[in-house]
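Please consult the sequence and the structure shown below while reading.

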Amino acid sequence: DALAALETRADSQRVALAARDSLLARVLGPETQMTTLTSTEASASLRVYWDRNRNEVIVAARRLPPAAAGRTYQLWGIGANGTPVGLGTFN
C-alpha cells in the first residue's frame, strides 16, 4: 500500500539524517582536531578529523581520482611504536 511505502521511506530518511547529524557532531565537536593533507602532484586533498575522546579518525577525500580498475586506496597510520598500521581501504 502507498502509505506503508511512504512510511518506510520516511523511516529510512530519518535513519540517514540521524547518521549524518551524528557524523557532523563528531567532526565539529570541540574535542575533534582537523588536519589537511594535500598532494604536490594534483589538486587532491584529504581532511583528517581525529576525535580525541573516542580515539577515532574520520577521513574526507576531495578531488581524489578514482582508483584504477581492480585497485583500491589504503590509508595508513603510524602506531605508537613507529610501526605502520593499516587503517582501511576505500575507493
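Which element gives the most to the lining of the second largest pocket? In this predicted model, that element is β5, with four residues.

**Confidence of the model**
- The mean pLDDT of the chain is 90, and 100% of the residues score at least 70.
- Helix α1 (residues 2-28) has the highest confidence in the chain, at a mean of 93, whereas β3 has the lowest, at 88.

**Largest pocket**
- The largest pocket holds about 190 Å³ of space.
- Its lining consists of Gln-33, Thr-35, Leu-37, Val-48, Trp-50, Val-57, Val-59, Leu-75, Trp-76 and Leu-87.
- Four strands, β1 (32-38), β2 (45-51), β3 (56-62) and β4 (73-78), each contribute at least two residues to this lining.
- β1 provides the largest share, namely three residues.
- Eight of the lining residues are nonpolar and two are polar, while none is charged.

**Second largest pocket**
- The volume of the second largest pocket is about 150 Å³.
- The residues that line the second largest pocket are Leu-46, Val-57, Val-59, Ala-61, Leu-75, Leu-87, Gly-88, Thr-89 and Phe-90.
- β3 and β5 (84-90) are the elements that give two or more residues to this lining.
- Seven nonpolar and two polar residues make up the lining of the second largest pocket, again with no charged residue.

**Ser-45**
- Ser-45 belongs to strand β2.
- Ser-45 counts as buried because its relative accessibility is 14%, and buried means under 20%.
- Beyond its neighbours within four places in sequence, Ser-45 contacts Thr-36, Leu-37, Thr-38, Ala-60, Ala-61 and Arg-62.

**Leu-46**
- When residues up to four places away in sequence are not counted, Leu-46 touches Thr-35, Thr-36, Leu-37, Val-59, Ala-60, Ala-61 and Leu-75.
- Leu-46 and Leu-64 are 18 residues apart along the chain, and their C-alpha atoms are separated by 8.3 Å.

Terms used: Residues numbered from 1 in each chain as written. Predicted model: local features only at pLDDT ≥ 70, side-chain atom pairs only at ≥ 80, totals over all residues. Heavy atoms only, no water. 1 Å grid on protein atoms, 1.4 Å probe; cavity = no way out; pocket = protein on both sides within 12 Å on 5 of 7 lines; lining within 4 Å. Points joined across faces, edges and corners; volume = space filled by probe spheres on them. Nonpolar A, V, L, I, M, F, W, Y, C, P; charged D, E, K, R; others polar. Buried < 20%, exposed > 50% of the residue type's maximum accessible area, 1.4 Å probe, protein only. Contact = heavy atoms within 4.5 Å. pLDDT = per-residue confidence, 0-100.
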